[in-house]
Amino acid sequence: MNWDAIGAVGELAGALAVMVSLVYLAIQVRQNTRSIRGAMYSTIVQSFQELNILSASDSEVARVLEEGVEDWDGLAAGDRARLLHGFFSLFKNFENAYYQYRQGTLEPGLWEGWSLLMRSYFFKPGVQSWWHLRRRAFSTEFREFLESSRTEEFLPAPREMTRPGQAETANDSDGKA
């Protein structure tokens, strides 16, 4: 019996076992990353859904939001107080989406839609008035992103979408109705 040959076969078997373990580990890490991304995206969507459900189920909330995005100072003091918290929650959700995108958890294609929605709200006059009062409650990176972002592309505001005849004229960036 050749002990050197037996030792070489043992080393080869050990090397193969390590390779199989590494491949298995890589597959597990990849699946875990996909699961984390899916869970994070679900969390982001759920947070926005909660805000949307509140607005859709309460006409007073919808009115305050619709008016407030356009004219913060035109709201009654009580409405501004409520919307202060609503805008804060909305933009904290946007900040989370921005952070997840920067960390690579939110994929670029998904981020594109969230970014457009965020900027569509951000550049409304009422939101700008609120932002100047609360901007320091957000991270420096997020503030810089928003304040330096482009303004030429928007989604129509809820008020614009609910007016008669607006559905036919509201176009997306591809020029489709």
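Predicted model: local features only at pLDDT ≥ 70, side-chain atom pairs only at ≥ 80, totals over all residues.
How are the rings of F122 and F123 placed? Their centres are 4.9 Å apart and their planes stand at 80°, so this pair is edge-to-face.

F122 also belongs to a helix, α4, which covers residues 108-122. This helix has 15 residues, and from its first C-alpha to its last it reaches 20 Å, close to the 21 Å expected at 1.5 Å a residue. Which residues of α4 are buried? They are W111, W114, S115, L116, M118, R119, S120, Y121 and F122.

Let us turn to the packing of this helix. In general, two packed helices are described by the angle between their axes and the distance between the axes. For α4 and helix α6, residues 140-148, the angle is about 75° and the axes are 10 Å apart. That makes α4 roughly perpendicular to α6. On the α4 side, the contact is made by W111, S115, M118 and F122; on the α6 side, by F142, F145, L146 and E147. By class, this contact of α4 with α6 has six nonpolar residues, one polar and one charged.

I now move to a second pair of helices, α3 and α5. Their axes come within 11 Å and cross at roughly 85°, which makes α3 roughly perpendicular to α5. Here L84, F87, F88 and F91 in α3 meet G126, V127, W130, W131 and R134 in α5. The residues of this contact divide into seven nonpolar, one polar and one charged.

Finally, the aromatic rings. The structure holds 19 aromatic pairs. One of them is formed by F91 and W131: the ring centres are 6.0 Å apart and the planes are at 50°, so the pair is tilted. Where in the chain do F91 and W131 lie? F91 is in helix α3, residues 77-102, and W131 is in helix α5, residues 125-134. The two residues are 40 residues apart, and the pair thus links distant parts of the chain. Both F91 and W131 are buried.

Thank you for your attention.

Note on methods: Residues numbered from 1 in each chain as written. Heavy atoms only, no water. Helix = DSSP H or I, 4+ residues; strand = E, 2+ residues; numbered from the N terminus. Expected span 1.5 Å × (residues − 1). Buried < 20%, exposed > 50% of the residue type's maximum accessible area, 1.4 Å probe, protein only. Axes fitted to C-alpha atoms, helices over the stretch in contact; angles between N-to-C directions. Parallel < 35°, antiparallel > 145°, perpendicular 65-115°, else oblique. Contact = heavy atoms within 4.5 Å. Nonpolar A, V, L, I, M, F, W, Y, C, P; charged D, E, K, R; others polar. Phe/Tyr/Trp six-rings, centres within 6.5 Å; stacked < 30°, edge-to-face > 60°.
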